[in-house]
Amino acid sequence: MEYKIVTEQSGLEEVVKAFNGTPVGVDTETTALNPRDGKVRIISLNTGDTVWVIDLFKIDDISPVIKALDGPEIKVLQNAKFDHKWLNHYYGLTMSPIFDTYRASRLVYNDDTQ
C-alpha cells in the first residue's frame, strides 16, 4: 500500500485519476465533533493500491475530488453518518452509493457490542 500526501492543488488531478470504477474508502479528520464548531482537516481516500491524504488546510478548492466522490463508485466508510455530515455541510456532497462498515457490523452482530 502506498501513501501519498496531497498538499497542492495540482496533486488533486492524480487523485481523481485513481478513481477507476472500484470502491473508494473515505475518511475525514476534523477539528471538532460538529461542523458548526470546526473544519474538515483531512480527507483520506483509499483507491485500493494508494491511500491519498488530502491536507485541506493547504488546499482551498477540492471540487475535483468532490465531483469524483459524487460518482457511481461505492464509497466505503466507517460510521458514515459522521463523515457524511461534514462533507455535506461544507461541500454539499451527498455520497451514494455507500457501504458503512459500522452499520454492517451492527447488522451482522444484531447490535450486540460485547
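This is a predicted model: local features need pLDDT of at least 70, side-chain atom pairs count only at pLDDT 80 or more; totals for chains, interfaces and linings use all residues.
Trainee: Why is Asp100 called buried?

Mentor: Its relative accessibility is 12%, and buried means under 20% relative accessible area, so Asp100 counts as buried.

Trainee: Which residues does Asp100 touch, leaving aside those up to four places away in sequence?

Mentor: Asp100 touches Leu77, Gln78, Asn79, Ala80 and Lys81, and its C-alpha atom is separated by 6.1 Å from that of Asn79, which is 21 residues apart from it along the chain.

Trainee: Which backbone nitrogen atoms does the side chain of Asp100 reach?

Mentor: The side chain of Asp100 reaches the backbone nitrogen of Ala80 at 2.9 Å, and that of Tyr102 at 2.9 Å; a polar contact requires N or O atoms within 3.5 Å.

Trainee: Turning to the rings, what makes Trp86 and Tyr90 a stacked pair?

Mentor: Their centres lie 6.1 Å apart with 15° between the planes, and because rings pair within 6.5 Å and planes under 30 degrees apart count as stacked, this pair is stacked.

Trainee: Why are Trp86 and Tyr90 separated by about one helical turn?

Mentor: Both are in helix α3 (residues 80-91), and they are four residues apart there.

Trainee: Why is the pair of Tyr90 and Tyr91 called tilted?

Mentor: The planes of Tyr90 and Tyr91 stand at 50°, with the ring centres 6.4 Å apart; under 30 degrees would be stacked and over 60 edge-to-face, so the pair is tilted.

Trainee: Which residues form the aromatic cluster?

Mentor: Phe82, Trp86, Tyr90 and Tyr91 form one cluster; among them, Trp86 is buried at 0% relative accessibility, whereas Tyr90 is partly exposed at 34%.

Methods: Residues are numbered from 1 along each chain as its sequence is written. Side-chain values use heavy atoms; hydrogens and water are left out. Buried means under 20% relative accessible area, exposed over 50%, partly exposed in between (1.4 Å probe, protein chains only). Contact means heavy atoms within 4.5 Å. A polar contact is a pair of N or O atoms within 3.5 Å; within protein, one must be able to donate a hydrogen and the other to accept it, and residues adjacent in sequence count only if both atoms are side-chain atoms. Rings of Phe, Tyr and Trp (its six-membered ring) pair if their centres lie within 6.5 Å; planes under 30 degrees apart count as stacked, over 60 as edge-to-face and the rest as tilted. Helices (H or I, at least four residues) and strands (E, at least two) are DSSP runs, numbered from the N terminus.
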